[in-house]
Amino acid sequence: MSWYRLMRESDTKYRLTGINQVQHRQGPFYNPTDPTIARISGKKNPKYDDQVFTQFNSASIGRQPREYKGKTIGYFVHAHCWALFGRVEGLKINHASLAKFILVCRKYWKNNELWEISDYVHWFSIDRDKVASNLKYDWDIYQNPLIVPAIQEALDCAEIKCHHPSQFSNIPLEVAILISERVCPIIDYTVDDIKDTRNMLIEFGWELPEWFWRARLNEHLFFELNKLSKKGSSKDGQLRLDLMSLVADQSRFASSGLANRERVLATMFALDKAYTEQLKKKSI
């Protein structure tokens, strides 16, 4: 059972509906007509359904089945994945109309396997264990890509650690950076590297520049950091190390939901790239 909203099609026109639960495999389905409404519980009530809900048949975004000709069809979009589009800064496709968005999706998935699952229309019948075993890092496609509790826990616990004065506290920043780069490499840093870096920064009281952390931490994956920046909060090095530890430890990376977020974001950036290329062609 998951919450979904859909983009409804009618004569090549699209509109976003509200959010509803999907609890069964066979249609027709129905969603709140108002995009600001979410139905999160309760039994179907015929007295209100015709006024509040839109009935539709689910179709693959790549094509419209012939048997649905003349009927209302819709494309399922996971509610949290749709919300994720609005959380990632720099995406041009966020400003595209739904018609252009659908067109980009169709062209992109014409040559790409949809979510690494061959038949999206029948995804309800897919064996979860079979799918997960074929995915890199054993990604759990059922985990929420928008809300990752491990990240929120790191944000809540973020604080500047106290340190004792040291003879290394006042060395030039350039030297501190050279030492830190040796302790924590940019690529393939380990959990032990993060532990050593953490102890070193606490003991010496060093504050490394932003670029040092950006080179080691994909901030697109941790868009929560943008919120801290807008509030004027400091991006504490200890917080960065906590987030880096989620990436370095592959078991935590998969179980925390970060792997699923990375997968979804990779597709979003691929769609954004396809949309940007389309804009460039039109401008030429």
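The buried residues of helix 10 are Gly237, Gln238, Leu239, Arg240, Leu241, Leu243, Met244, Ser245 and Leu246, where buried means under 20% relative accessible area, exposed over 50% and partly exposed in between, with a 1.4 Å probe and protein chains only. Nine of the 12 residues of helix 10 are therefore buried, and the helix is mostly covered. Helices (H or I, at least four residues) and strands (E, at least two) are DSSP runs, numbered from the N terminus. This is a predicted model, in which local features need pLDDT of at least 70 and side-chain atom pairs count only at pLDDT 80 or more, while totals for chains, interfaces and linings use all residues. Residues are numbered from 1 along each chain as its sequence is written, and side-chain values use heavy atoms, with hydrogens and water left out.

The length of helix 10 can be checked as well. The expected span of a helix is 1.5 Å times one less than its number of residues. For the 12 residues of helix 10 (residues 237–248) this gives 16 Å, and the end C-alpha atoms are 16 Å apart, which agrees.

The protein as a whole has 12 helices and five strands. Of its 284 residues, 43% count as buried. Contact means heavy atoms within 4.5 Å. Among contacts between residues at least 6 apart in sequence, 63% join residues at least 24 apart.

Strand 4 (residues 53–58) includes Asn57. Five of the six residues of strand 4 are buried, so the strand is largely enclosed by the rest of the structure. Asn57 is itself buried, with a relative accessible area of 15%. Leaving aside residues up to four places away in sequence, Asn57 touches Pro28, Tyr68, Lys71, Thr72, Ile73 and Gly74.

Strand 4 also pairs with two other strands; two strands pair if DSSP finds at least two bridges between them. With strand 3 (residues 29–32) the pairing is antiparallel, over four bridges, and Gln55 in strand 4 is the bridge partner of Tyr30. With strand 5 (residues 73–78) strand 4 runs parallel, joined by two bridges. Here Gly74 in strand 5 is the bridge partner of Ser58.

Asp188 is found in the loop between helix 6 (173–183) and helix 7 (191–204). Asp188 is exposed, with a relative accessible area of 69%. Its phi is near 60°, a positive value in a residue other than glycine.
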